[in-house]
Amino acid sequence: MGRVILTGDRPTGKLHLGHYVGSLRNRVLLQNEGNYDRMFVFIADVQALTDNADNPEKVRQNIIEVALDYLSCGLDPNKVTLFIQSQIPELHEMTQFFSNLVTVQRLQRNPTVKSEMVLRGFNSEGEDDNRRGLPVGFFTYPISQAADICFCKATTVPAGEDQEPMIEQCREIVRSFNGTYKCDVLVEPSILLPTNLACRRLPGTDGQAKMSKSLGNCIYLSDTPKDMEQKVKSMFTDPGHLRVEDPGKVEGNTVFTYLDAFCEADDFAKFWPEYANLDELKDHYRRGGLGDMKCKKFLINVLNDRLDPIRARRHAYEQDIPAVYEILKKGSEAAREVAAQTLHEMKDAMKINYFDDAALIAEQAKKYQSA
Ligand code: TRP
C-alpha cells in the first residue's frame with residue numbers, strides 16, 4: 001500500500017498567513033516532491049455546516065474563496081484531486097457505520113471538540129437563555145472527519161496541532177472497524193505537523209495566540225499589498241522597546257515570530273544586506289539601537305516576496321471563475337469513485353452487500369425450501 005495524502009479546510013472564511021505557514025506551503029512542497037501515490041485536498045463544507053446550519057450562505061460564498069486560496073498558493077489540479085465534501089454522498093454512509101463504533105463518552109473526551117464547544121457556547125448539559133444546546137452533527141463531526149480521511153485510505157494528513165485528537169480518534173475508528181469486521185480494508189493515518197515551531201501556531205498581528213477572524217488580527221492571502229503593509233506596520237512588538245536605543249525582546253515579539261516563519265536564506269542578501277542572517281538581526285535588536293519600523297519594513301519585503309506569486313496566480317484564476325468550479329467538479333467526481341470503491345469494500349467486510357452475496361441467497365433459499 002502506497003502513500004496517500006489528504007487534508008482539507010472548512011470554508012468559513014478566507015485563508016490567512018496562519019493557514020499558509022501551518023499547512024498550505026507544506027502541501028505545495030509535498031505536491032511538488034511527488035513522493036506519494038495520490039494527493040487529495042478538499043473543502044469541508046459539510047463540517048462547516050455543523051456549526052453554521054443557519055447560515056449556509058456563508059459556507060456557499062467561502063467555497064470559492066478557499067478554492068482560489070488553494071490554487072493561488074500553487075496547488076495544481078493536475079497533481080492533486082481538489083474536491084468538495086458535500087459532493088461525496090458515500091462519506092455519509094461511512095460516517096453512519098463508523099458512528100456505531102464510537103461511544104458518546106469517547107466523543108466527550110475529544111479535547112478539540114471540548115474546546116470548540118466552549119468557544120461556540122454549545123452546552124451538552126442543557127440550554128437556556130445563555131446556553132446554546134449542542135447540535136448532534138457538531139458533536140459527532142470527528143466521526144465524519146474519520147470518513148473524510150478513510151474514504152481514500154489516507155496514510156498522511158498534513159494538519160495543525162489542533163487536529164491531533166481528530167487523527168487519533170480516526171485511528172481508533174480504523175482499528176475498531178478492521179477488528180470488528182475482521183478485515184484490513186481501512187488504513188490508520190498519521191498526522192504530518194509543520195516542523196518549524198513558529199509555523200505551528202502563527203500569532204495574530206496583535207500578538208494574540210492565534211490568528212482568528214473574530215479577533216480581527218489576520219493577514220489574509222488575498223489582502224492587497226497596501227492592507228498587508230498597514231497590518232504589519234501596526235503589528236505588536238516588544239512593549240518595553242520604547243526608544244530605538246533600548247534593548248529589545250525577540251521572544252513574543254510578533255515581527256520576529258513572523259520572520260522565523262517566513263524568512264528564507266537569501267532574503268537578507270536581497271532586502272537587507274547589512275545583516276548576514278536572522279540571528280545577526282536578532283542580536284542587534286536585543287542589544288538595542290535597532291528600531292521596530294526598520295524590522296517591519298524588512299518583514300513587508302519578505303512577505304511581498306512570498307505573496308506576489310500567490311497574488312498573480314489568484315488574479316489569473318479570478319478571471320475564469322467557472323473554470324475553478326469545473327476543477328472542483330472534476331475533482332469531486334474523481335474522489336467519489338474512490339469513495340464508492342472503499343465503501344463497497346467496507347460493506348463486503350460487514351457482509352451487507354446482500355444482493356451481490358450469492359452464498360447468502362443460496363443459504364437462505366435452502367433454509368426455507370419446503371422439504
Ligand atoms: N477539521 C479541519 C479544520 O477544522 C477540516 C477537516 C475536515 C479536515 N476533515 C478533515 C482536515 C480531514 C484534515 C483531514 O480545518
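The shell around the ligand divides into five nonpolar, five polar and two charged residues; Ala, Val, Leu, Ile, Met, Phe, Trp, Tyr, Cys and Pro count as nonpolar, Asp, Glu, Lys and Arg as charged, and the others, Gly among them, as polar. This is a predicted model, in which local features need pLDDT of at least 70 and side-chain atom pairs pLDDT 80 or more, while totals for chains, interfaces and linings use all residues. Residues are numbered from 1 along each chain as its sequence is written, and side-chain values use heavy atoms, without hydrogens and water.

Among the residues around the ligand are Leu6, Arg10, Phe42, Asp148 and Val157, each with a heavy atom within 4 Å of it. Strand E1 (4–9) and helix H8 (141–150) each supply at least two shell residues.

Which side chain has an N or O atom 2.8 Å from a ligand nitrogen? That is Gln47. For Gln145, a polar side-chain atom lies 3.1 Å from a nitrogen of the ligand, and for Gln163 an N or O atom of the side chain is 3.1 Å from a ligand nitrogen. The protein covers 90% of the 360 Å² of accessible area that the ligand has on its own (Shrake-Rupley method, 1.4 Å probe).

The ligand sits in the largest pocket, with more than half of its atoms within 2 Å of the grid points. That pocket has a volume of about 1600 Å³. Of its 50 lining residues, the closest to the centre are Arg10, His19, Glu116, Asp162 and Lys210. A pocket here is an open set of points on a 1 Å grid over the protein atoms alone, where a 1.4 Å probe fits, with protein on both sides within 12 Å along at least five of seven lines; lining residues have an atom within 4 Å of a point.

Definitions and conventions:
Polar contact = N/O pair within 3.5 Å; in protein donor to acceptor, adjacent residues only side chain to side chain. Helix = DSSP H or I, 4+ residues; strand = E, 2+ residues; numbered from the N terminus. Points joined across faces, edges and corners; volume = space filled by probe spheres on them.
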